[in-house]
Amino acid sequence: MGRIKLHMKTVTCICVFLFATFSGTLIAQTPQYRLSFEITDENGAGIENAQISITPCSCGGITDSSGFLTLELPRDTYTIVVSNIGYKEYAQQIILNREVLLQIRLSEQEQQLSEVVVKAKKVNDNIESPQMGVVQLKAPELKKLPMALGEFDVLKSMTLVAGVNNAGDVSNGLSVRGGSLDQNLLLYEYAPIFNPTHLFGLISVFTPDAVSSVDLYRANIPSRYGGRVASVLDIKVKNPYVDKFKLEGGLGLLSSRLSVETPLIKDKLMLQAGVRGGFTDFLLPLFSERLKNTKARFTDGTIKLVYLPTENDQIFFTGFYSKDFYQLDLISQIENVSAESNQYDFSTLNGTLKWTHSFTDNATIKTILVGSDYTPKIIFPEIEGDNEIEFESAINYLSFISEFSKKVDTELDYYIGVQANQYKISPGSLNPGTAIDISAVSLNKETSYELSGYANFNWKPTNAFSLSGGLRYNHFTLLGPYTLATFDEMDGSITNTEVFEKGKVVQSYTGLEPRMGISFSLDKNTSLKASYARVNQYLQNIYNSTTPLPTSRWKVADPNIKPQIGDTYGFGVYQNFNNNAIEMSLEGYYRDTRNVLTYKPGADFFLEEFVEQDIVQGEGQAYGIELGFRKPRGSVNGWFNYTWSRSLLRSVNERLADRINNNNWFASDYDRPHVFNGTINFENDRYNTVSFNFTAQTGRPFTAPNATVDVDGIAAPIFLERNNARLPLYHRLDFSWNVHFSKSKRNKRWENDWTFTIYNVYGRKNPINTFYSQRVDFSENAEIFKGSPLGAYEITLLNSPLVSLTYNFKFQ
């Protein structure tokens with residue numbers, strides 16, 4: 001019995017062991033299935049950082065930059081919830097018994113209570129991402145900000161961002177962290193934009209209904225971008241992934257617009273096209289009495305085609321056209337050309353062809369061809385005659401890009417690529433028409449090439465540490481035909497000229513550009529970041545005013561004009577409060593720039609063959625601290641930021657005539673020591689959105705005369721120092737009220753809303769410049785000018801509030 005009991009006990013143990021082993025084997029052999037997600041918006045664009053929650057496994061994840069996420073889960077029934085700020089939540093139940101790909105399209109919320117969020121993203125992206133100085137806006141955020149005359153505008157929106165300014169109410173570009181306008185690379189679907197504004201700089205050229213997103217990089221610029229030392233503004237056109245016809249547009253005082261989206265071949269070929277036109281001659285006298293005889297009109301249009309030949313291939317074509325015409329009613333004289341008015345004619349024609357091929361869900365290659373033509377023209381109608389004298393210049397740009405990207409896992413992704421650019425610059429030509437006392441002039445063209453290779457990675461080795469690194473290599477070559485001048489070191493005169501034949505190398509430059517960003521999380525709500533980037537700039541715009549005119553010159557690097565080299569350093573502290581309801585950031589930056597271009601006193605670039613005689617190259621410094629607070633969610637949301645910064649220049653020339661301010665540091669045209677921006681949105685119900693924007697900044701520097709000298713009874717000003725005075729404090733309040741009508745029960749395919757805006761609510765007269773005039777009656781304004789022989793007068797463009805009402809509609 002004892003043996004039987006022992007044997008029974010042994011058998012029982014063996015059975016228990018075998019059962020446990022067998023059960024474990026069954027559990028271990030429970031099949032795992034791949035569950036993949038492709039999350040897109042209504043336009044078919046992938047939604048990055050969409051949050052996917054899965055029950056009952058309490059698992060999930062965040063989508064990558066293309067909207068993809070792949071998991072492996074055991075067989076079961078799951079409930080999936082997909083959410084993202086600004087989109088309706090999506091829920092679905094599935095039975096996972098095979099590999100599944102879920103293609104989910106999220107719809108925008110009718111009333112997005114969080115549209116002020118910089119970008120729909122994962123909760124702590126501002127803490128964890130190693131990218132510094134980046135701002136990403138989507139079209140709904142841009143459309144809600146109060147703008148001049150109710151016009152949705154990319155550039156005006158950017159001026160609400162810390163460290164971003166322009167030269168005033170009218171300026172055809174942006175100054176980013178104290179940089180000049182040409183130090184910013186503006187891309188519209190990969191194609192450069194050389195003149196980004198309409199109406200003297202009042203609004204931007206980008207077709208509003210075509211814009212999908214805007215990314216601004218100010219610090220560690222990703223290595224796929226090159227050629228500008230201050231920033232990159234990358235504007236993308238939305239993809240028409242539609243299965244039915246959509247019509248959208250608006251009627252307003254400033255402009256009217258219309259866009260369509262439609263499939264041309266079901267599930268294969270789709271079209272998006274938008275056009276906008278403005279005829280604003282009747283509005284200009286409202287701005288200022290000085291503009292009563294001024295004429296202005298503009299148009300722009302964007303078209304995009306998407307072709308899907310296979311499941312793994314997508315082909316995109318984007319075309320863009322912009323044209324401006326305006327006339328200034330004033331008598332002018334340039335060189336020996338006299339005219340009773342100036343007529344300006346700008347046109348831009350761009351085309352982008354892109355092919356994207358997906359090898360797997362996580363690896364793609366894209367190949368891009370870009371063509372861009374920019375042609376500014378000035379027309380001078382001769383006084384007392386029908387003849388017109390025309391001055392025209394041009395930039396022709398071609399580019400080829402090929403880039404491979406791969407997401408290795410959730411902690412590592414990278415891309416590598418090559419880029420080849422060609423620049424053909426026509427500096428200017430003068431056609432005198434029938435004028436007999438004016439000679440035709442045609443300056444020699446410049447042809448150059450830039451070849452680049454680049455690589456970039458993002459790596460998160462631990463939960464607390466993230467790293468972004470990149471490297472870009474450039475080889476720039478200027479080719480003949482070209483005439484190179486040699487200058488005397490003592491007096492700057494031309495001592496010799498050398499003619500290079502077509503195809504012969506005039507000058508080559510190479511540059512290695514490292515980029516790096518580091519983020520270290522102290523806890524889930526706090527992080528420290530640091531960044532560095534070097535950029536070489538081979539193309540620059542030369543002008544002698546605060547905003548470039550058609551007479552300004554685009555110039556590539558040559559033996560006399562070296563490329564600009566910028567080194568930018570950054571450090572920041574980021575903190576989220578109250579369960580991420582409030583975000584705080586404190587960023588400091590310093591940018592050192594070599595070979596900065598500025599003009600000599602009295603410089604005139606119009607029809608100048610050797611422009612090197614009128615410019616000097618020196619050094620630039622820009623540094624500052626940006627403090628920002630943001631409340632991204634709730635019925636009351638918004639942000640404000642304050643920036644203290646300086647932007648300084650100095651010449652480093654030995655020759656006294658070439659020195660500016662005797663080679664001492666002086667404030668650049670874009671030096672704004674103090675800037676405050678604030679935006680608040682009230683979204684208390686589904687029908688009304690009320691927004692306010694306030695901005696205030698230190699006045700722009702300008703050059704005031706140091707003294708006067710009497711010349712035959714006329715007081716002539718003497719200018720010894722540049723930018724030695726400032727305009728008064730600039731400040732402005734804007735208001736916007738959007739009244740939204742939901743789809744009616746009778747016609748669910750029609751939506752419409754009204755937007756009422758007031759730009760410059762309290763009618764602040766912000767001066768844009770100062771001019772000096774000889775005083776004749778010394779009793780007039782004697783309390784202001786005292787005994788000065790010159791009177792200083794401020795020029796203001798906007799003398800009253802600008803009120804606008806715009807009707808917007810959508811049909812689908």
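**A tour by selection**

Start at E619, which is partly exposed, with a relative accessible area of 27%; that class lies between buried (under 20%) and exposed (over 50%), using a 1.4 Å probe and protein chains only. This is a predicted model, where local features need pLDDT of at least 70, side-chain atom pairs count only at pLDDT 80 or more, and totals for chains, interfaces and linings use all residues. Residues are numbered from 1 along each chain as its sequence is written, and side-chain values use heavy atoms, leaving out hydrogens and water.

The term covers a side-chain nitrogen of Lys or Arg within 4 Å of a carboxyl oxygen of Asp or Glu. R650 sits in strand β40 (residues 636-651) and E619 in strand β39 (residues 615-631), so the pair ties together parts 31 residues apart in sequence. Strands here are DSSP runs (E, at least two residues), numbered from the N terminus. R650 is partly exposed at 29% relative accessibility.

Now select R177, R218, E587 and E626. Salt bridges that share partners join them into one network. The structure holds 24 salt bridges.

Next, K555 and E446. This salt bridge spans 3.4 Å, N to O. It links distant parts of the chain: K555 is in strand β36 (residues 553-556), E446 in strand β29 (residues 446-459), 109 residues apart. K555 is buried at 2% relative accessible area, and E446 is buried at 5%.

Jump to D234 and K236. Their closest N and O atoms are 2.6 Å apart. D234 is buried, at 4% relative accessibility.

Select F391, L430, F476, L539 and W554. They touch the most other members of the largest nonpolar core, which has 43 residues. Such a core is a set of buried Ala, Val, Leu, Ile, Met, Phe, Trp, Tyr and Cys residues joined through side-chain atoms within 4.5 Å. Another core lies apart from it, with 23 residues, including M158, Y188, V211 and I235.

For the surface, pick I303, Y307, I315, F317, L353, W355, L369, F400 and V418. They make a nonpolar patch of about 740 Å². Patch residues have over 30% relative accessible area and no salt bridge; nonpolar side chains (Val, Leu, Ile, Met, Phe, Trp, Tyr) are joined within 5 Å. Areas come from the Shrake-Rupley method with a 1.4 Å probe. β20 (295-310), β21 (313-328) and β24 (342-360) each supply at least two of the patch residues. L353 is in β24, partly exposed at 39%.

Finally, color by pLDDT, the predictor's confidence in each residue, from 0 to 100. The chain mean is 83, and 86% of residues reach 70 or more.

Conventions: Patches are made of residues with over 30% relative accessible area and no salt bridge: like charges are joined within 9 Å, nonpolar side chains (Val, Leu, Ile, Met, Phe, Trp, Tyr) within 5 Å. Helices (H or I, at least four residues) and strands (E, at least two) are DSSP runs, numbered from the N terminus.
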